[in-house]
Amino acid sequence: MSIRYEANLKTVEFVTRKHFLKKCVTGLGAMALGSLIGGCDSSGAIQTLAGMSASPFTPKPPHFLAKAKSVIFLHMAGAPSQLELFDYKPELHKLHGQDCPPSLLDGKRFAFIEGVPKMLGPQATFKKHGESGAIVSNLLPHFSQIVDDVTFLKAVQTEEFNHAPGQLLMQTGHSRPGFPSFGSWVTYGLGSENQNLPGFVVLLSGANQPDAGRSVFGSGFLPSVYQGVQCRSEGDPVLYLSNPEGVSRNMRRMAIDAINNINEQQFREIGDPEIMSRISQYEMAYRMQISAPEIMDIKKEPESIHQMYGTTPGEASFANNCLLARRLVERGVRFVQLFHWGWDAHGVDKSEALNYGFLERCREVDKPMSALVLDLKQRGLLDETIIVWGGEFGRTPMLENRGGTDNPFVGRDHHNEAFTMWVAGGGFKQGFSYGETDEIGYHAVSGKVHIHDLQATLLHQLGMDHEKLTYHFQGRDFRLTDVHGHIVKDILA
Amino acid sequence: MKSHQTINKQKKYSWFSFLSAGLVLLLLATGYFWIVLNETGRADLLLFFGRFHILLVHLPIALLLLAAIMEIFSRFRSFDYLGQSVTFVLTLAAISSVISVLAGFMLSTGGGYNESLLNSHKWWGIGFTVFTFIALGFKIFTISNLKLSEFIYSTALFIAVVSLFAASHFGGSLTHGQNYLTAYMPGTIKNLLFINTDEEIYVIDNIEEAAIFADLVFPIFNDRCISCHNPDRIEGELRLDTFDQLIRGGESGPVIVSSSPAESDLFRRIIAPRNDDGRMPPGNRRPLTEHQVAIIQWWITEGAHPDLLVGHANRPPEMEPVLARLAGLETEQTGILSNHVEPANATIIAGLINEGIVITPVSQQHNYLRAGFVNVVNPDPGHIQSLHQISSQLAWLDLSHTPVTDDHLLHISGLHSLTRLNLNYTLITDVGIRQIEKLENLEHLSLAGTAITDAALETLSELPNLRQVYIWQTNVTDDGADWLIRKNPLLKADRGYTLTEPDTIILPAEAGYSY
């Protein structure tokens with residue numbers, strides 16, 4: 001042992017906790033002052049009634065009278081083509097196969113198109129449906145039957161033309177990761193009624209996870225209890241929810257009691273409210289061990305419902321997730337987020353081609369999403385639930401020519417200037433279409449709705465002012481709509 | 001007898017001439033006084049006397065009503081002695097009404113009142129005085145036909161009373177604002193009286209494209225300021241009828257300091273306290289509303305520009321509710337939620353929450369509550385009974401997917417404020433449904449997945465405000481549902497939906513074009 005090492009050791013021994021306190025007397029004081037004057041405010045933005053428990057999911061009243069109390073967001077990850085489903089452009093038929101005029105290409109950037117691509121006519125046939133005369137393609141024969149319950153947004157715009165940033169912008173209002181998702185903001189603002197289930201549930205289907213990963217349902221800088229909880233329709237509904245082998249429910253109870261005791265002791269000493277929300281999360285998890293398997297078990301649904309949705313219990317499918325979404329909303333879950341992956345029809349391979357994979361996706365979603373709207377309607381839940389459907393952007397009227405050469409299959413490139421989404425229920429007009437695109441569906445001509453406008457409008461229907469739903473972080477107030485967002489009044493019933 | 005009558009008549013003549021002479025003198029004196037004051041530049045003295053109008057005006061009101069009541073009671077034998085005093089009281093009413101009218105004219109020189117309201121008030125007031133005099137005249141003198149003069153007397157007295165109510169109402173509206181009476185009136189009464197409470201709200205269709213000055217600020221000046229600040233009558237040498245005149249300012253210079261409301265005389269005056277001399281609108285006139293003040297403040301802060309658009313200006317958050325109101329974005333409230341209710345007792349709510357019941361206000365702007373039982377494993381009838389403590393506030397109740405039975409529903413009839421009731425997938429039957437017949441405010445009723453039959457429809461058909469009922473997966477027949485709709489055509493009964501399977505399925509590579 002060298003003398004230097006020994007000296008070091010002696011110094012370390014000499015510096016005791018008292019030294020630390022003595023040296024930090026001003027530092028600690030400043031830290032204490034910071035927390036005293038409320039630097040880190042993690043309490044909800046909306047005041048609760050006196051006597052309410054401190055659970056982060058305690059339901060809170062909206063800013064003003066709400067049209068809807070819950071949301072089911074059907075995110076079509078990969079961005080489906082509006083030109084094959086809703087935005088019918090006969091002019092595009094005539095231009096089919098011709099070179100794209102330079103006026104459409106000047107100053108534009110595309111994800112994959114290079115040089116001069118060819119125009120691509122609609123890859124489906126279209127017909128008017130319902131009393132509203134909404135035009136829907138033959139690829140959505142079930143959805144065509146419910147157009148009178150739906151408001152179409154035909155000219156939605158976004159800034160992003162790549163999947164991950166596009167999905168982030170749609171779900172968090174920002175194109176970079178690190179911001180709270182829509183469901184987090186909503187549960188932060190309104191809490192959730194069912195105290196045995198998470199307020200924000202995420203259900204995934206399709207071959208992959210969303211391109212932007214879990215950030216699209218993360219809580220960002222909001223307290224982590226508000227992040228989306230992913231539930232599954234096969235196996236354990238929530239990962240690690242079952243007790244490990246050899247651990248009984250009693251033992252689990254004892255373990256949680258012990259942890260809670262320690263946490264409560266800590267709370268008495270420090271008084272950080274985050275400790276209480278941690279305790280309530282342990283309790284929630286314990287209750288979920290009973291409630292989640294029950295609610296996620298769709299076997300109990302009658303046969304007629306399974307036929308309506310096209311569900312098969314036990315498999316991971318969009319159909320099962322739609323049915324689950326209804327069950328969750330019915331039992332007081334605030335926000336259910338579905339992602340269905342696989343819409344990215346560039347035409348580079350079969351699974352991502354308008355004439356193959358895209359048709360499969362249409363068949364996977366057509367019946368269940370239509371059934372979801374009708375099922376909520378017949379239960380009297382549609383007027384208090386918002387259903388939103390759409391991808392993170394749209395597709396080009398041009399045939400994609402990746403690297404300047406023809407792709408082996410038919411496909412379209414990413415397009416952010418105009419695409420179609422639809423909303424149903426929750427105080428939106430029924431059988432209505434808002435916005436128009438030009439004759440080839442390239443630019444929005446009227447009724448533009450930016451992603452932030454959509455978010456502001458959805459929050460408005462939930463009774464919240466998107467400019468008041470804020471969280472103070474790193475020196476400023478943040479919102480879902482950042483500094484943007486106008487309510488689209490014309491689509492409100 | 002005859003001589004006695006003659007003496008009586010002479011007495012009457014002398015008394016009435018005395019009264020008339022007095023009033024003529026009063027009118028002449030007032031006219032003279034008026035001219036002198038105007039010429040000597042002491043118009044403020046007119047206002048000094050004018051302000052007594054508010055005080056004096058109550059005398060003729062009380063006196064005329066008293067005269068009318070005495071007249072009615074004098075027809076009964078036990079009160080017949082009242083008949084002798086009616087003339088005296090009526091005379092006092094007539095005198096005081098003339099003085100009130102004169103004072104009223106003086107007060108109106110101060111300006112700043114809503115012109116059409118002021119006109120109505122003025123003419124009803126004058127009518128009141130005129131008919132009081134007619135009544136008094138026919139009370140004192142009887143023309144040859146005794147019955148006819150009696151009839152004219154009672155008619156004139158009746159018209160005077162009606163004019164009195166009208167004049168007082170318009171006068172009240174002048175000082176307290178037009179919707180003072182109706183602000184807290186229950187919605188049902190408003191509907192009965194066809195009162196439209198939105199009369200003062202105007203909606204701007206495209207708020208983003210609206211000019212702040214022309215569309216938001218000027219209408220306020222036009223409504224509240226221009227009656228004293230116009231080309232014909234330029235109080236304080238200030239005109240507010242055009243933008244240029246406004247910027248030019250008044251006798252003490254410019255009234256708007258661009259970007260600085262605090263230094264702008266106009267803004268300082270509209271927010272000055274009621275007892276401040278410089279306050280505008282002056283005196284006891286209604287101050288500008290909070291929203292109007294906010295709009296003017298915002299416009300000045302943004303540079304007091306003549307044609308800046310709403311969409312191009314910076315918007316502080318406090319402007320949003322103001323703009324939302326102008327844009328017609330405020331969520332409209334119908335039915336019981338538009339009525340005011342006192343907040344429920346916090347201790348009671350805390351107690352109910354401890355039982356596991358989810359209770360929240362329907363919004364931060366309401367005292368009405370919603371309650372849900374999603375966290376109550378096995379609600380017992382006592383739970384429903386305990387909700388009676390908040391029965392005035394409880395508007396929405398969700399009992400769906402709970403084992404609630406007819407026993408629970410025994411307690412539901414007391415929850416009289418309910419507008420939405422969700423009983424989906426509960427164990428209730430036709431017997432329990434009868435309990436909801438007293439829920440007069442119910443608009444929205446969900447009964448999907450229950451065992452109810454056509455026998456329940458009688459009760460449903462009698463709920464006056466019911467607009468939507470869900471009877472999917474029940475034992476209600478198609479005929480029953482049709483009967484219900486015929487009985488209440490405003491009601492929608494939802495019986496469920498099915499999707500039709502398509503004839504053809506589009507298979508890969510068969511759709512439309514391919515390359």
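Helices here are DSSP runs of H or I with at least four residues, and strands are E runs of at least two, numbered from the N terminus. Please keep in mind that the model shown is predicted.

**Figure 1. Chain B carries both helices and strands.** With those run lengths in hand, chain B comes out at 19 helices and 9 strands. Of its 515 residues, 43% are buried. Among contacts in chain B with a separation of 6 or more, 59% join residues 24 or more positions apart.

**Figure 2. Helix 6 of chain B packs with helix 7 of chain B.** Helix 6 of chain B passes helix 7 of chain B in a left-handed crossing. The residues of this contact divide into 19 nonpolar, 9 polar and 1 charged.

**Figure 3. A:C322 is a cysteine in no disulfide.** A search of the whole structure, over all chains, turns up 0 disulfides. For A:C322, the nearest cysteine sulfur belongs to A:C362 and is 14 Å away, whereas a disulfide needs two cysteine sulfur atoms within 2.5 Å. A:C322 counts as buried because its relative accessibility is 0%.

**Figure 4. B:C228 is likewise in no disulfide.** Here the nearest cysteine sulfur is that of B:C225, 8.8 Å away. B:C228 has 8% relative accessibility and therefore counts as buried, the cut-off being under 20%.

Note on methods:
Residues are numbered from 1 along each chain as its sequence is written. Chains are lettered from A and ligands numbered from 1 in the order in which they are written. This is a predicted model: local features need pLDDT of at least 70, side-chain atom pairs count only at pLDDT 80 or more; totals for chains, interfaces and linings use all residues. Side-chain values use heavy atoms; hydrogens and water are left out. Buried means under 20% relative accessible area, exposed over 50%, partly exposed in between (1.4 Å probe, protein chains only). Axes are lines fitted to C-alpha atoms, for helices over the stretch in contact, and angles run from 0 to 180 degrees between N-to-C directions. A crossing is left-handed if the near helix is turned anticlockwise from the far one by less than a right angle, and right-handed if clockwise. Ala, Val, Leu, Ile, Met, Phe, Trp, Tyr, Cys and Pro count as nonpolar, Asp, Glu, Lys and Arg as charged, and the others, Gly among them, as polar. Contact means heavy atoms within 4.5 Å.
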